[in-house]
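Me: I would like to take a close look at one part of this structure. Please begin with the surroundings of a single ligand and continue from there.

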Amino acid sequence: MLDVQPTHDAGGAHAAGPDGDRQPLLAVEDLHVEFSTDAGTVRAVEGLSFSVDRGEVVAIVGESGSGKSVTALSIMRLLPARSGRVTRGRIAFDGRNLLDLDGEQMRQIRGRDISMIFQEPMTSLNPILQIGLQIMEPLQIHLGLDEAQARARAVELMRLVGIPDAERRLGQYPHQFSGGMRQRVMIAIGLACNPKLIIADEPTTALDVTIQAQILELMKDLSRKLDIALIVITHNLGIVARYADRVIVLYAARMAEQGPAEAIFHRPRHPYTMGLLRSVPRIDRPGGARLETIEGLPPSLAAPPSGCRFAPRCPYRIAGCDAQPPLVATDTGGLSACVRTAEIAAGSIAWARAAADAGAKAQVAADQPLLSVRGLTKHFVVSTGLLGRAGRVRAVEDVSFDVRPGETLGLVGESGCGKTTVGRLILRLEEPTSGAIRFEGRDLLRASEGELAAMRRKVQVIFQDPYSSLNPRMTVGQIVGEPLRVYDLAQGDAAVRARVGDLLGQVGLRAEMAVRYPHQLSGGQRQRVGIARALAMEPSFIVCDEAVSALDVSIQGQIINLLEDLQRAHGLSYLFIAHDLAVVRHISMRVVVMYLGRVMEVADRDALYREPLHPYTKLLLDAAPVPDPTVEKARAPRLITGELPSPLAPPEGCVFHTRCPLAGPECRQAVPPLREAKPGHHVACVKA
Amino acid sequence: MLAYAAKRILLMIPTLLGVAVLVFFMLRVVPGDVVEVKLRGDGGNVSQETIEMERRRLGLDKPLLAQFGDWMVGLVTLDFGKSMWTDRPVVEEIGTRLELSLQVAIMATIIAVLIAVPLGTFAALMRDTWVDYLARIVTIGGLAIPSFWFGMLVMLTLLGLFNWLPPITFTPLHVDPWTNLVQLIWPAMAVGYRYCAVVARMVRSSLLEVFNEDYIRTARAKGVYEKLVIVRHALRNALLPAITVIGLEFAFLIGGLVVTEQVFNLNGIGVLFVQSVSRNDFTLLQGLVMLVAAFYVVINLAVDLLYAVFDPRIRYR
Ligand SMILES: Nc1ncnc2c1ncn2[C@@H]1O[C@H](COP(=O)(O)OP(=O)(O)OP(=O)(O)O)[C@@H](O)[C@H]1O
Ligand code: SF4
Ligand code: SF4
Ligand SMILES: [Mg+2]
């Protein structure tokens with residue numbers, strides 16, 4: 001086996017293949033980046049080496065905090081000047097070491113030869129400057145175009161990235177664009193000067209699946225056409241599988257593995273990569289079985305373990321892992337930082353499966369529904385702007401479904417389709433405009449105060465953002481103990497403390513955590529605290545609103561398993577609201593698909609994913625990439641086009657007809673009713 | 001935009017009416033009236049009869065509601081009545097002083113903004129260097145030192161260096177610009193210091209905030225010249241909150257310069273305020289309060305409209 005020093009131009013030699021002698025476009029060598037923080041020095045990137053060839057698509061994956069963005073910002077030399085610095089290494093771009101350039105030389109490269117697309121389309125454009133100006137800026141600065149030329153080119157670029165009516169929209173401002181449109185503008189800016197390299201840091205994370213597919217398709221197309229190299233930073237393995245030629249896996253500031261995409265997905269050689277691939281729920285596979293997860297948390301970069309960074313969580317750990325493992329070449333043409341790479345390649349050690357498969361899903365009592373929603377409608381009256389013209393947002397329109405005891409009902413749809421509002425209506429945080437909500441047979445909208453109070457305890461919620469939903473000035477113990485005191489569920493301090501310890505144990509936290517404050521916990525731990533707080537009230541129904549969306553893949557798997565375990569132990573019912581179709585497939589028993597406030601389809605999980613009947617469901621499923629390069633690369637380009645219409649003026653008739661490939665004149669006539677097309681499978685489409 | 005402005009202007013009417021009601025009744029709660037101060041003020045022995053006569057002349061003998069009604073009718077017809085002390089129309093009393101106060105306020109604003117914006121910008125750009133520290137000392141001084149005290153310092157310096165004393169009478173700008181400017185530049189600077197300190201700190205902190213925004217990173221990633229990043233991308237966003245501060249300070253300068261006016265021997269709105277309070281000159285006081293309230297309301301509207309001009313999110317939403 002070949003031992004490769006990390007200081008060598010390691011990746012390039014392998015990936016360049018037949019063109020091995022050609023110089024790579026970008027070669028990062030032994031990059032070290034540090035931040036000074038109040039908590040001491042954080043080594044955000046350590047000894048990272050990789051290269052990117054002309055026209056190549058390289059993906060960088062890794063959990064939050066693993067150093068992906070810092071790597072990108074180091075290449076752009078845009079690290080926060082006051083706290084961050086590159087302490088060692090070379091970044092050779094087109095033969096020049098970027099780290100040696102002065103500010104002005106670097107400025108000339110930015111936007112001209114290397115451009116960057118950022119994660120947050122909502123905040124990455126200047127709110128008070130016209131879109132046109134923002135696109136024209138690099139053209140005028142780098143290419144010296146005059147006003148008229150730059151304007152013409154900006155129109156061209158906007159057409160290229162699929163923004164209709166470009167001339168008029170040049171004069172508009174960012175807030176007049178949707179998230180997807182803003183990201184297209186960012187891409188137009190990135191492409192403006194025909195750069196050689198585009199770095200896209202989570203370019204679609206903030207976008208809906210259908211928009212995400214459009215944007216990625218566009219980026220890939222353009223980079224192929226214009227021979228632009230692309231570094232895509234993401235945590236979505238499906239995206240990696242579809243678009244990347246080569247993959248770099250980072251773990252806690254170091255490279256764990258890199259190699260051709262096919263190899264990384266089908267023959268991973270590093271235990272972390274293997275664990276990562278196992279812990280993602282798959283949209284293309286039936287759910288049901290328990291997710292395998294990587295136990296534990298990533299290490300803190302302020303005080304990382306001395307040997308292999310992954311050792312504390314690695315099922316293959318041996319004595320030799322105490323020393324930092326060198327990068328070794330794998331049999332698949334990549335590199336892996338694991339001492340047992342050869343054994344893994346030989347298949348002589350197997351992945352230690354997580355403890356006994358906990359078996360089938362919880363039992364669903366088929367009789368009476370626990371929660372029953374009928375004709376639920378919510379309109380918000382909004383004033384539009386300075387003139388105070390009032391509009392009516394039809395957030396939820398005639399939604400009906402049942403949740404049975406012990407069941408998980410998934411609720412999916414794009415942002416703004418009304419998922420969260422449905423959850424809030426059930427929680428009575430919002431007054432419905434019309435409709436009925438029955439819980440345990442009682443009508444919540446006509447319930448007395450006393451009945452409502454009892455029901456409030458039984459219906460709990462877990463939010464997306466664990467940070468903002470926990471009071472920062474309360475300790476974990478106080479947060480979890482508060483409902484116990486308010487509802488008098490435990491008498492006396494000792495009893496409360498004991499119950500808090502018990503609840504923390506149930507969600508996999510140690511009892512000592514009770515004295516910590518939310519900011520001292522990781523995202524996954526905070527979400528566990530949120531779950532413990534919900535459990536404290538002994539609920540029978542929990543609304544999980546994007547409960548795992550903000551978490552990293554390995555942590556997400558842990559929380560999903562936890563939710564399923566608790567369901568089994570306490571017979572809980574969940575309304576699981578999410579936009580991630582794979583997660584919903586994994587956890588739900590039945591699924592409701594919403595679009596623009598209306599229910600499009602309701603079916604058993606496997607029936608829905610196997611044979612979706614509604615055109616919207618089909619497109620939604622088609623838009624979500626699966627983490628398998630073989631499947632993805634064989635797949636035809638994505639179909640769905642267009643943007644979500646405004647809920648202020650939803651289309652007449654079938655609300656989906658503006659984007660539906662099957663739409664005909666009859667679809668505009670009337671709203672198609674939800675009808676039972678097959679037993680237990682309801683669909684709202686005239687043609688399905 | 002125009003419709004919005006019209007609507008806001010209409011909304012000013014109820015606000016001002018509310019102020020009018022409040023000020024009228026609050027003044028009547030205070031014991032004593034102008035007649036007593038005027039006729040018995042220096043211990044003069046004036047017969048009750050004379051006092052009653054004077055009261056009748058000024059309408060102070062009418063029931064409270066009738067007085068209020070008279071005043072309201074006056075307000076609606078823009079007749080603010082006469083000063084109870086001097087018998088000159090309130091409009092005239094205020095008018096001559098307003099010219100002076102307004103001029104001081106405008107000059108102070110110009111001086112403050114011209115200094116504060118560059119000062120705050122450089123402090124933010126050179127954060128934690130000696131420039132920033134110096135700016136910080138200067139601005140903290142501006143906040144900590146009362147304007148009138150600073151004014152006295154200026155006066156004494158002028159007296160010591162040039163043997164200059166503020167003239168007794170006010171020369172309006174249109175009569176003799178030079179004399180006028182020489183007279184008013186010093187008080188304008190004295191109050192401008194504090195003003196400048198407030199604005200500079202605002203500019204610095206909001207600029208530092210804007211520098212952390214994603215769109216600044218985007219601008220740099222595009223290879224935009226650093227100067228352009230600062231002026232076009234950062235400063236324009238950072239100045240929005242400063243507009244609010246400037247507006248509030250300006251409105252304050254119209255009525256709040258009591259001591260500074262005395263120090264510089266100026267007969268402005270502030271001094272008039274004090275006089276009319278000590279004389280229980282209700283009509284004049286009511287007029288003054290209405291003037292200051294109107295200023296606040298108008299400036300608030302102007303700030304909002306300026307916001308709309310600078311910020312398209314407000315303009316088009
Ligand atoms: N400005 C900063 N000051 C201090 N530490 C920082 C700063 N920026 C990043 N870090 C630290 O550097 C490490 C790597 O961060 P980085 O942003 O590259 O993570 P990432 O892989 O992009 O994560 P994510 O998926 O959440 O975007 C983290 O430990 C982070 O806390
Ligand atoms: S070096 Fe050891 S601990 Fe690290 S990944 Fe390999 S087997 Fe696991
Ligand atoms: S009703 Fe018509 S427009 Fe609506 S989904 Fe069905 S085919 Fe498409
Ligand atoms: Mg990042």
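How do the residues of the shell around ligand 3 divide into nonpolar, polar and charged?

Reply: The shell around ligand 3 holds ten nonpolar residues, two polar ones and one charged one. In this classification, Ala, Val, Leu, Ile, Met, Phe, Trp, Tyr, Cys and Pro are nonpolar, Asp, Glu, Lys and Arg are charged, and the others, Gly among them, are polar.

The model is predicted: local features need pLDDT of at least 70, side-chain atom pairs count only at pLDDT 80 or more, and totals for chains, interfaces and linings use all residues. Residues are numbered from 1 along each chain as its sequence is written, chains are lettered from A and ligands numbered from 1 in the order in which they are written, and side-chain values use heavy atoms, with hydrogens and water left out.

There are 13 residues around ligand 3 (a heavy atom within 4 Å of the ligand). Those that come nearest are A:H614, A:C654, A:C660, A:C667 and A:C685. Of these, A:C685 is buried, with a relative accessible area of 10%. Buried means under 20% relative accessible area, exposed over 50%, and partly exposed in between, with a 1.4 Å probe and protein chains only.

Another residue of chain A, A:L276, belongs to helix α11, which covers residues 271-279. Helices here are DSSP runs of H or I with at least four residues, strands are E runs of at least two, and both are numbered from the N terminus. A:L276 is buried, at 6% relative accessibility. Leaving aside residues up to four places away in sequence, A:L276 touches A:L237, A:I294 and A:V553 (contact means heavy atoms within 4.5 Å). The C-alpha atoms of A:L276 and A:D552 are separated by 10.0 Å, while the two residues stand 276 residues apart along the chain.

The C-alpha atoms of chain B fill a box of roughly 85 × 55 × 35 Å along the principal axes.
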